[in-house]
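Subject: Structure handover

Hello,

Here is the structure I promised to pass on. My notes follow below it.

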Amino acid sequence: MLRFWEKRTKTGILTEHPEFDEEMAKIRHELKDAVKKRFAGSLAIRMVDGGSCNACEAECNALSNPYYDLERLGIRFVASPRHADVMLLSGVQTFNMLPHVLDCWEQIPAPKWCITLGDCPAMAAPFGKTFAVKGPAADHLPVAHHIPGCPPSPEAIIRGLLAFLRKI
């Protein structure tokens with residue numbers, strides 16, 4: 001036990017990444033300013049799953065943890081499309097889910113934007129276009145921005161949201 005603590009005190013904390021933390025702090029600051037400028041300080045996102053493996057949703061859940069904490073930046077996930085500004089769409093557009101995705105899109109008040117998340121909505125995933133898959137999402141919705149990855153990391157999602165805010 002003493003050897004463990006001797007080694008621990010010599011090596012220090014290995015889980016910290018100061019360069020990444022500094023870079024994320026800059027991105028958070030720019031993201032907060034962009035949300036404040038373009039959405040009066042509050043961006044509401046409706047997460048919609050068009051038929052995915054839920055990996056993208058798990059990464060989006062990580063955005064609410066204390067490390068990323070999108071709420072303090074003015075970005076929040078909402079349960080109703082009627083309260084949303086942006087639809088964040090993940091998954092291939094399956095035959096059964098496409099009507100629900102389109103219904104959600106119609107319920108979002110204008111002005112509205114669609115951001116696709118992950119490789120599935122762009123049909124870059126290993127799923128082909130079959131009778132059950134009606135993708136890509138761009139065939140059915142006006143996609144304003146795409147965040148690539150399978151699944152994209154929380155950092156990639158934050159960078160994608162920032163790129164979207166710069167674009168509009």
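A word on terms before the findings: a residue is buried under 20% relative accessible area, exposed over 50%, and partly exposed in between (1.4 Å probe, protein chains only). This is a predicted model, where local features need pLDDT of at least 70 and side-chain atom pairs count only at pLDDT 80 or more, while totals for chains, interfaces and linings use all residues. Residues are numbered from 1 along each chain as its sequence is written, and side-chain values use heavy atoms, with hydrogens and water left out.

Overall layout

The protein has five helices and five strands. Helices (H or I, at least four residues) and strands (E, at least two) are DSSP runs, numbered from the N terminus. Their order along the sequence is α-α-β-α-β-β-α-β-β-α. The C-alpha trace spans about 60 × 40 × 25 Å along its principal axes. Of the 168 residues, 38% count as buried. Contact means heavy atoms within 4.5 Å. Take the contacts between residues at least 6 apart in sequence: 80% of them join residues at least 24 apart.

Strand β1 and its partners

Start with β1, residues 43–49. Five of its seven residues are buried, so the rest of the structure largely encloses this strand. Two strands pair if DSSP finds at least two bridges between them. β1 runs parallel to β2 (residues 75–77), with three bridges joining them.

Helix α3

Which residues of α3 are buried? They are Cys-56, Glu-57, Cys-60 and Ala-62. These buried residues pack against β1, β2, β3, β4 (113–117) and α5 (154–167).

His-140

His-140 is found in the loop between β4 and β5 (143–147). Its relative accessible area is 32%, so His-140 is partly exposed. Leaving out residues up to four places away in sequence, His-140 touches Leu-98, Leu-102 and Lys-134. Val-101 lies 39 residues from His-140 in sequence, and their C-alpha atoms are 9.5 Å apart in space.

Best wishes
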